[in-house]
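Take a look at the sequence and the structure, and then let's walk through them together.

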Amino acid sequence: MSDGLDTTEKRGQWSGRWGFILASSGCAIGLGNIWKFPYITGENGGGLFVLIYLACIALIGLPIMLAEVLLGRATQKSPVGAYRDFSAKGSPWVIPGWIGVLAGFVILSYYSVVAGWALHYTWLSLQGGFAGMDAETIGNTFGSVFADGNLNLGWHTAFMMLTIAIVLGGVRDGVERIARILMPLLFVMLLVLLGLAMQSDGFAEAFSFIFSPDASKLTRAGVLEALGHSFFTLSLGMGAMITYGSYLKKKEDIVSASVVISILDTVIALVACMVLFPIIFSYGMEPGAGPGLVFVSLPIAFSQMAGGAIWATVFFALLVFAALTSAISMLEVVVSTVIDETRLRRTAATLLCGTAIFLFGIPSALSGTDGFAGKEFEDLTAGIFGEGKGKNWFDTFDYLASNWLLPLGGLMIALFVAWRAGAAAREKGFNEGTRFQNLYVAWLMLLRYLVPIGVVAVLLHALEVI
Ligand code: PHE
């Protein structure tokens with residue numbers, strides 16, 4: 001929306017419903033789906049964990065996604081402005097908006113480092129992959145990649161430059177255009193890999209691992225992990241969906257769009273499992289290998305497979321694409337807020353925010369350089385991915401952002417839209433453009449009661465109260 005002053009640019013807008021759906025799917029589908037979901041499913045024994053995760057997506061994630069998109073579309077503003085417009089001037093409700101922007105800033109700074117590993121592994125695969133390497137060498141490869149500061153810095157720089165270049169292009173010519181290319185490509189590549197996995201001996205075993213509930217393996221912590229991951233994977237709690245919703249025209253149907261995005265995100269996560277686990281099982285490896293599932297177990301499988309270098313290239317390129325469309329959304333939240341709040345133009349705002357995030361990510365890129373080199377892989381990953389809190393910049397940020405900022409942000413959005421926003425504006429925001437007006441009351445009930453209770457459970461879990 002332009003305010004008519006020629007010192008400001010016209011606010012970006014999606015070309016239509018599918019532009020929004022593809023861009024938002026790109027935002028949601030990321031490392032969370034292809035890297036994280038399979039390994040936490042493996043660690044939690046499959047079946048029942050998956051079932052609970054699905055329930056969390058449908059009953060908690062989806063209502064929050066709708067609340068975010070509604071808030072964005074109704075106000076045509078990024079998170080801070082959206083909260084402000086829906087409350088009163090000077091209201092403290094802008095604070096959760098700012099927390100969201102901060103979360104986007106922090107998450108992107110280290111997400112880019114993990115994406116850098118995916119870039120590096122694509123590069124290694126292109127050069128012939130892991131053919132002829134034994135399992136130990138492949139395990140050590142990841143350890144030495146993490147410990148190589150210059151290497152990490154190089155790929156972090158490359159990935160951030162790519163992200164910045166796309167966001168510079170704007171909403172339709174940058175973000176939407178790249179999602180229109182990369183998302184269909186990602187779907188096709190994943191289907192090709194699924195075809196490969198279906199031919200392997202381990203497919204039946206993998207299928208029953210993923211889909212048959214086994215209560216004995218699921219812990220209380222696993223239930224809460226399923227809930228927490230439903231936030232991360234749907235990109236909720238930091239205003240990414242508010243921002244993407246703000247580029248929607250008023251006539252679009254946000255109810256069906258949110259359902260489609262959630263289903264796509266879920267299907268991709270499940271397909272990623274069905275690609276990974278059959279390969280893992282066929283080569284006699286453990287599903288509970290943890291964060292190394294993608295960067296270690298999978299290359300070991302590829303090293304033993306005919307045409308392994310090609311499949312490895314397809315897989316890691318896919319991982320890069322998934323990470324890129326998510327990274328774009330995080331930068332877009334920050335940039336969009338700066339544009340809305342300061343009236344800087346997109347070019348200046350993008351270069352400024354992108355550079356700041358890049359600089360902030362440097363300590364994460366260098367996380368493996370001291371004290372980590374030479375340790376066993378399990379120690380390394382435990383140190384990086386969360387069991388240990390505050391050991392280095394990388395895991396401190398991940399811990400703070402994933403465990404605190406996102407659930408807190410999601411809780412705030414739910415409470416704000418369900419209890420604080422004006423009833424008339426909320427109902428209008430939901431109903432505009434949709435045929436599913438009869439779902440309004442059910443959605444509001446979920447958002448008012450079930451969602452806050454569920455999210456508070458995650459927070460109490462993080463505090464080790466329950
Ligand atoms: N949903 C993304 C993933 O699954 C991560 C993400 C979180 C993106 C928050 C944007 C905002 O990888």
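The notes below turn to the ligand and its surroundings, and then to one residue in a helix.

## The ligand's surroundings

Keep in mind as you browse that this is a predicted model. The ligand has 14 residues around it, and those that come nearest are Ala28, Gly32, Tyr111, Phe232 and Ser235. By class, this shell is made up of seven nonpolar and seven polar residues, with no charged ones.

## Polar contacts and burial

A polar backbone atom of Ala28 is 2.9 Å from a ligand nitrogen, and a backbone N or O atom of Thr233 lies 3.1 Å from a nitrogen of the ligand. With Tyr111 it is the side chain that takes part: one of its polar atoms lies 2.5 Å from an oxygen atom of the ligand.

How much of the ligand does the protein bury? Taken alone, the ligand exposes 330 Å², and the protein buries 100% of that. The space that the ligand takes is also the largest cavity.

## A look at Phe146

Phe146 has its place in helix α6, which covers residues 135–147. Is this residue buried or exposed? Its relative accessibility is 1%, so Phe146 counts as buried, the cut-off being under 20%.

Phe146 also pairs up with a residue from another part of the sequence: Ser367 is 221 residues apart from Phe146 along the chain, yet their C-alpha atoms are separated by 7.9 Å.

Conventions
Residues numbered from 1 in each chain as written. Predicted model: local features only at pLDDT ≥ 70, side-chain atom pairs only at ≥ 80, totals over all residues. Heavy atoms only, no water. Near = heavy atom within 4 Å. Polar contact = N/O pair within 3.5 Å; in protein donor to acceptor, adjacent residues only side chain to side chain. Areas by Shrake-Rupley, 256 points an atom, 1.4 Å probe, with all protein chains shown as cover. 1 Å grid on protein atoms, 1.4 Å probe; cavity = no way out; pocket = protein on both sides within 12 Å on 5 of 7 lines; lining within 4 Å. Sits in = over half its atoms within 2 Å of the grid points. Nonpolar A, V, L, I, M, F, W, Y, C, P; charged D, E, K, R; others polar. Helix = DSSP H or I, 4+ residues; strand = E, 2+ residues; numbered from the N terminus. Buried < 20%, exposed > 50% of the residue type's maximum accessible area, 1.4 Å probe, protein only.
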